[in-house]
Amino acid sequence: MRVLHLSPRRRDDYLARALVEAGHVVETASDEAEALLLCAEAVFDAVVLEAQDLAHAPLGRLASAAAPAALALVLDEARSAERARALREGADACFVRPVHFREFEARLAALVRLTPHPSTAETSASGARPRLALDPALRAARLAGRSLVLTSGEYRLLDYMAARAGEIIEAERLLRDVWGEQDDPHPDQVRSAIARLRRKLSQSLGAPLLSTVRGHGYRLEI
């Protein structure tokens, strides 16, 4: 899944870190303005909004800006009436701490499956060129009736590039945004990962999709 995580408190990073460790692509925002800017620049499968209580949760504009992404609200405390109000005001799910990550991830994935999303449409119209479809719940890719199940790392890389299809992305940018700070990543990891993913896409989907723009970076052509 491609997730936007919003929390004004630095200590609320457990869910963001757990989602990254589980293989999802996570972008973080520290306030509503930054979150709205990210929503204008990218398409997300889900938004995780953490707040002290409902009064401090910027639901309205965020739900509208992030649509059709699933919006999960995580609060320190909330009575039943407040949780119901959160759902009426735009949240798709409302959790109260403590949150158990396995259940949280599964419920978030279920919400994403039920939410119409641009990346799931394989064709835009009758006779249109088949489009790559990504399934965040299964970490799978589909194209023209063919499918491919990917590792968490491969899916994270493909999901990141699919959100920037047609754009040339430098190896350093991939290292920063996809690999993060894990295990002192090196540009050779990018080359190897791109080569493996390109080979799998070609063998299973019948199209390599990934191209190397020598001296500049990599591009997903869909």
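Entry 1. I began with strand β4 (residues 70-75) and strand β5 (residues 93-96), which run parallel and are joined by 4 bridges. I noted that A72 stands opposite A93 in β5. I then followed the chain through helix α4 (residues 80-88) and recorded that β4, α4 and β5 make a right-handed β-α-β unit. I kept in mind throughout that the model is predicted.

Entry 2. I turned to the open sheet of 3 strands, whose order is β6-β7-β8 with antiparallel pairing. I found β6 (133-135) and β8 (146-149) at the edges, each with a single partner strand, so one side of each lacks a neighbour in the sheet. I noted a twist that averages 20° from one strand to the next. For strand β7 (residues 140-143) and β8 I recorded 4 bridges in the antiparallel sense, and L148 in β8 is the bridge partner of A141.

Entry 3. I looked up what packs on this sheet. Helix α6 touches β6 and β7, and its direction makes about 135° with that of β6. Helix α8 touches β7 and β8, and its direction makes about 145° with that of β8.

Entry 4. I checked the burial of α6 (residues 152-162): 8 of its 11 residues are buried, so the helix is largely enclosed by the rest of the structure. Among the buried residues I listed E154, R156 and D159.

Notes: Residues numbered from 1 in each chain as written. Predicted model: local features only at pLDDT ≥ 70, side-chain atom pairs only at ≥ 80, totals over all residues. Heavy atoms only, no water. Buried < 20%, exposed > 50% of the residue type's maximum accessible area, 1.4 Å probe, protein only. Helix = DSSP H or I, 4+ residues; strand = E, 2+ residues; numbered from the N terminus. Pairing = 2+ DSSP bridges. Right-handed = clockwise from strand over helix to strand, strands pointing away. Axes fitted to C-alpha atoms, helices over the stretch in contact; angles between N-to-C directions. Contact = heavy atoms within 4.5 Å.
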